[in-house]
Amino acid sequence: MSESIFKGSFTQQEAIPEDAIEAAVAVLRSGRLHRYNLAEGETGSVAGLEREYAKWQGSRFCLAVTSGGQALQIALRAAGVKPGDEILTNAFTLAPVPGAIAAVGARAVLVETDENLRLDLGDFEQKAQTGRARVLLASHMRGHLCDMDRLMAIADANGIVVIEDCAHTMGAKWNGKRSGNFGLAGCFSTQTYKHMNSGEGGLLTSGDPEFMARATILSGSYMLYERHGAGPASEAFQDLRYQTPNCSARLDSLRASILLPQLQNLESSIKRWNEHYNTVAGILKDCSAIVLPERPAKEEMVGSSIQFRIPDYQSEDCKRFLELCAQRGVELKWFGAEEPAGFTSGHHSWRYLDSQNLPQTDCILSTLFDMRLPLTFSSEDCQLIAQIIAEIVKKGRV
Ligand SMILES: *Cc1c(COP(=O)(O)O)cnc(C)c1O
């Protein structure tokens, strides 16, 4: 086992299920790919997806859009964010989050990350108390939910509207409540690497009819907003329809048709991801140099990726460690690199933002590693990967 090499791919997703392929072919045969291009009496797959997702999520309303990033932008606009407004968000997140804030002309102020990779609630409270920010875009990066009850209490006490970025927490819960249902709105992605796969796509959920009416028109509904599966009643649109711009970000019937059958499998996928996570975590936790984030009892996670730190490593050690892992087929990402690479970047390379001072986050990210756990992995694959990592770390200073 000493020089075993992992031969699998960290970026290979499962095939689209056969019933989804059949549904997609039926849409293609119909020629009706636009969500509003419906035959008499037909609901269409986009409205069908909105209805089913709202039911599953336990939210009153759901709107399907072209990407998770668009869901974020639309949510910010529909929440009334104006150019120049200050928006708080996590320092540890993915580029589409500061990107969405920049797209609406707002100014991102980043909040520190704690050692468990959650939003640092102490720093959030301090920044909330300045009274400058109206909105927190809470990004549950890599699936780590902070104490959502406390987060909401701080937000409420300071008049801050919360929008949740649930790109990595579709299906996760805090204290029995689904992530996305805490604040004004939840934003989800169905991009290939997330929990459902339509290549690109996004879902926006909320319980607020006025917010959702604005979001629906922003998404490009024209005056066809009654053809939605989980939207507010038409009264909610009466005045808004004259005042809300159409920003054309509709989901199409083809993508929706392949998501509907995947939604039926989501609970079972979550179970499988968590088995993978627990397999890898169970091996890494025996390695004293490795620190895994705590998973609080109130969190029901979706372990579609795993993160760990090696706090004793210097930058050179991290680079060497990545190399040694790569030589044995284990593709890790490292959040401490100076230069952005692949999907991974940090606030130092988001230079369109005002510069930020985040010593705690910088320190945590400097030795933070990250790995996807696609469902194409077997349990044996997960074991092998974790053993390779543990072996390399145990060999000592690399
Ligand atoms: C993927 C992702 C998004 C946005 O999703 P897209 O559908 O790619 O626009 C937002 N936030 C986080 C944390 C993500 O990982």
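This is a predicted model: local features need pLDDT of at least 70, side-chain atom pairs count only at pLDDT 80 or more; totals for chains, interfaces and linings use all residues.

Q: How many residues of each domain are in contact?
A: Here you count residues on both sides. Domain 1 brings 43 residues, and they are in contact with 37 residues of domain 2.

Q: How much area do domain 1 and domain 2 bury between them?
A: Buried area is what the two parts lose, summed over both, on being put together. In this case that comes to about 3,400 Å², with 55% of it on carbon and sulfur atoms. On the domain 1 side, Glu112, Arg142 and His195 supply 17% of the area buried against domain 2, more than any other three residues.

Q: How many salt bridges and polar contacts does the rule find across the interface?
A: For salt bridges, look for a Lys or Arg side-chain nitrogen within 4 Å of an Asp or Glu carboxyl oxygen. The rule finds three across this interface. Polar contacts there number 20 residue pairs, both residues at pLDDT 80 or more.

Q: Which elements supply the side of domain 1 that touches domain 2?
A: Helix H4 (96-103), strands S3 (107-111) and S6 (173-174), and helix H9 (253-284) each give at least two residues. S3 gives the most, with five. By class, that side of domain 1 has 20 nonpolar, twelve polar and eleven charged residues.

Definitions and conventions: Residues are numbered from 1 along each chain as its sequence is written. Side-chain values use heavy atoms; hydrogens and water are left out. Contact means heavy atoms within 4.5 Å. Buried area is the accessible area (1.4 Å probe) that two parts lose on being put together, summed over both. A polar contact is a pair of N or O atoms within 3.5 Å; within protein, one must be able to donate a hydrogen and the other to accept it, and residues adjacent in sequence count only if both atoms are side-chain atoms. Helices (H or I, at least four residues) and strands (E, at least two) are DSSP runs, numbered from the N terminus. Ala, Val, Leu, Ile, Met, Phe, Trp, Tyr, Cys and Pro count as nonpolar, Asp, Glu, Lys and Arg as charged, and the others, Gly among them, as polar.
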